[in-house]
Amino acid sequence: MSYAPSLVPQVTTDRDVYLVLDDFGRRLGRAWCETAEEDANRATLLRHLAEGQYLHPVRIVAFNTAEGWSRDATADVADELRRRFVELEETDPSLLEFLERAARH
């Protein structure tokens, strides 16, 4: 008898998930970025933002379905990025734009 892999995800569902709303410009508009399940955590999100992996991040939403909550995490993430990256001179322009927009809201 052959072994069949489980269809149940191995990643626990009792965790916070972070998604990014990215602005792709006038022609394409805004969309929630696709992300792998294991990369939808805060640490990976912060790294991806710092690396400039988003074109123009507009909003970040966090949720935890096991605990039954969701919230706009844009300001919290921007504040953490500001604390981590005191020297922003060599930072990707998309991150600087995100931090400026988050500060205005």
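The entries below go from the overall layout to single residues.

**Entry 1: layout**

I started by reminding myself that this is a predicted model. I then looked up the secondary structure and found 3 helices and 4 strands. Read from the N terminus, the elements run β-β-α-β-β-α-α. The protein has 105 residues, and 30% of them count as buried.

**Entry 2: helix H1**

Next I went to H1, which spans residues 42-51. Which of its residues are buried? I wrote down Thr 44, Leu 45, Leu 46, His 48 and Leu 49. The cover over these buried residues includes E1, E3, H2 and helix H3 (93-104).

After H1 comes Gly 52, and its phi is positive, near 75°.

**Entry 3: salt bridges**

How many salt bridges does the count give here? The count comes to 5, and I took a look at some of them.

Arg 42 and Glu 80 form one, at 2.7 Å from N to O. Arg 42 lies in helix H1 and Glu 80 in helix H2 (residues 74-84), so this pair ties together parts that are 38 residues apart in sequence. Arg 42 is partly exposed, at 21% relative accessible area, while Glu 80 is buried, at 14%.

Asp 72 and Arg 59 form another salt bridge, at 3.3 Å from N to O. This pair links distant parts of the chain, with Asp 72 in strand E4 (residues 69-72) and Arg 59 in strand E3 (residues 57-64), 13 residues apart. Asp 72 counts as partly exposed, at 43% relative accessibility. Arg 59 is partly exposed too, at 40%.

Arg 82 and Asp 79 also meet in a salt bridge, at 2.8 Å from N to O. Both are in helix H2, and they are separated by about one helical turn because they sit 3 residues apart. I have Arg 82 as partly exposed at 29% and Asp 79 as partly exposed at 35%.

**Entry 4: Arg 15**

I gave Arg 15 its own entry. It is found in the segment before E1. Is Arg 15 buried or exposed, I asked? Arg 15 is buried, yet it has no salt bridge. The nearest side chain of opposite charge is that of Glu 37, 4.5 Å away, and a salt bridge has to fall within 4 Å.

What does the side chain of Arg 15 reach at 2.4 Å? That would be the backbone oxygen of Glu 37. I then listed the contacts of Arg 15, leaving aside neighbours within four places in sequence: Glu 37, Glu 38, Ala 40, Asn 41, Phe 63 and Asn 64.

**Entry 5: Arg 30**

Then I turned to Arg 30, which is found in strand E2. Arg 30 is exposed, with a relative accessible area of 53%. With neighbours within four places left aside, it is in contact with Leu 21, Asp 22, Asp 23 and Val 58. I also looked up Arg 30 against Pro 57: they are 27 residues apart in sequence, with their C-alpha atoms 9.3 Å apart in space.

**Entry 6: a nonpolar patch**

Which residues make the nonpolar patch of about 300 Å²? They are Phe 24, Leu 28 and Leu 55. I placed Phe 24 in the loop between strand E1 (17-23) and strand E2 (30-32). Phe 24 is partly exposed, with a relative accessible area of 34%.

Notes
Residues are numbered from 1 along each chain as its sequence is written. This is a predicted model: local features need pLDDT of at least 70, side-chain atom pairs count only at pLDDT 80 or more; totals for chains, interfaces and linings use all residues. Side-chain values use heavy atoms; hydrogens and water are left out. Patches are made of residues with over 30% relative accessible area and no salt bridge: like charges are joined within 9 Å, nonpolar side chains (Val, Leu, Ile, Met, Phe, Trp, Tyr) within 5 Å. Accessible areas come from the Shrake-Rupley method with a 1.4 Å probe; for residues, only the protein chains shown count as cover. Helices (H or I, at least four residues) and strands (E, at least two) are DSSP runs, numbered from the N terminus. Buried means under 20% relative accessible area, exposed over 50%, partly exposed in between (1.4 Å probe, protein chains only). Lys and Arg count as positive and Asp and Glu as negative; His and the chain ends are not counted. A polar contact is a pair of N or O atoms within 3.5 Å; within protein, one must be able to donate a hydrogen and the other to accept it, and residues adjacent in sequence count only if both atoms are side-chain atoms. Contact means heavy atoms within 4.5 Å.
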